[in-house]
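Please keep the sequence and the structure in view while reading.

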Amino acid sequence: MKKLIIFSDFDGTFTAKDIGNRIFTHFSNGRNIPLVDDWKKGLITSRECLLKEAELVSVSPTEFYSFLEGFELSPGAIELYALAQKKNVPFIILSDGLDLYIEHILRKYNLPIPSFSNRGYLENGGLRFEFPYDNNGCERCGSCKGERIKEFILKHNIERTQSQILYVGDGLSDICALPESDIIFARGDLLNYCHINGFSAIEYQNFFDILKWLQNAGLTAG
Ligand SMILES: [Mg+2]
Ligand SMILES: [Zn+2]
């Protein structure tokens, strides 16, 4: 097997539910929903969507962190990460959500997984966002997952012909990762997108399906 590298989306993929979306919906009383619809239709970019959502949100730090208590990881997420650790397979989270809740949840589960995302700050009873990454012309994304994969490959001197990029996702924020990936696990909107646009993807329900696939491919825990 070629050198395997695993990239995973966070919201609705590594976690069972889309935490970012639930936060914006809950703390804007649903006023963000038309914005998300416009984003899904490609009428506005992720950055426009997030900045407009931020304007609608009112939340204190206490409310924010107690809301996060209600979320769990996807079944098998911890097990897949443990296997990757054991086999020296890089495991990286790529998200178009916010470090604010991603890092909180990863700390809660004691998972020191590197993650690349947009930045969020709890300020003045609301949320403020920053976009620290250069997306090299991609107008679609807040933090472009395709660009993050390319940067990772360059930074770590990875020989692309000797490596296999495995990507796991569930939504339209994952689509720029598809051309950079060799093995795609998809569900939800991402699976539909793959079907319509000719990307061959493996349908999965949770991370145990991916574990099983990797074990069949010869990457076993033993
Ligand atoms: Mg997602
Ligand atoms: Zn992009």
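Setting aside its neighbours within four places in sequence, G120 is in contact with L98, D99, L100, L127 and F129, where contact means that the C-beta atoms of two residues, placed from the backbone, lie within 7 Å. G120 is found in strand β3, residues 115–123; strands (E, at least two residues) and helices (H or I, at least four) are DSSP runs, numbered from the N terminus. G120 counts as buried because it has 21 C-beta neighbours inside 10 Å: a residue is buried if 20 or more other C-beta atoms lie within 10 Å of its own, exposed if 12 or fewer, and partly exposed in between, with C-beta atoms placed from the backbone. The C-alpha atoms of G120 and F64, which are 56 residues apart along the chain, are separated by 12 Å.

The model is predicted, and local features need a pLDDT of at least 70, side-chain atom pairs count only at pLDDT 80 or more, while totals for chains, interfaces and linings use all residues. Residues are numbered from 1 along each chain as its sequence is written, and chains are lettered from A and ligands numbered from 1 in the order in which they are written.

**The sheet**

Strand β3 belongs to an open sheet of seven strands, in the order β4-β3-β2-β1-β5-β6-β7, with mixed pairing; two strands pair if DSSP finds at least two bridges between them. The edges are held by β4 (126–130) and β7 (202–203), each of which has a single partner strand, so one side of each is left without a neighbour in the sheet. β3 and β4 run antiparallel and are joined by five bridges, and Y121 stands opposite R128 in β4. The hairpin of these two strands has two residues between them, and in it N124 takes a positive phi near 50°.

On the other pairing of β3, the strand pairs with β2 in the parallel sense over three bridges, with L94 opposite F116 in β3. The chain crosses from β2 through α7 to β3 in a right-handed β-α-β crossover, a term used if, with the strands pointing away from the viewer, the path from the first strand over the helix to the second runs clockwise. Strand β1 (residues 3–8) is joined to β2 by three bridges, and these two strands run parallel; the bridge partner of S8 in β2 is I93. Seven of the eight residues of β2 are buried, and the strand is thus mostly covered.

**Helices**

Helix α7 covers residues 99–108, and in this helix L100, Y101, I102 and L106 are buried. The buried residues of α7 pack against α1 (10–14), α2, α5 (61–68), β2 (91–98) and β3. After α7 comes N110, whose phi is positive, near 60°.

Which residues meet where α3 touches α4? L35, V36 and W39 in α3 meet S46, C49, K52 and E53 in α4. By class, this contact has four nonpolar, one polar and two charged residues, where Ala, Val, Leu, Ile, Met, Phe, Trp, Tyr, Cys and Pro count as nonpolar, Asp, Glu, Lys and Arg as charged, and the others, Gly among them, as polar. The axes of helix α3 (residues 33–40) and helix α4 (residues 46–56) come within 10 Å and cross at roughly 180°; axes are lines fitted to C-alpha atoms, for helices over the stretch in contact, and angles run from 0 to 180 degrees between N-to-C directions. That crossing makes α3 roughly antiparallel to α4, the word for angles over 145 degrees, whereas those under 35 count as roughly parallel, 65 to 115 as roughly perpendicular and the rest as oblique.

Q85, by contrast, has its place in helix α6, residues 77–86, and is partly exposed, with 14 other C-beta atoms within 10 Å. Q85 and N192 are 107 residues apart in sequence and 31 Å apart in space, C-alpha to C-alpha.
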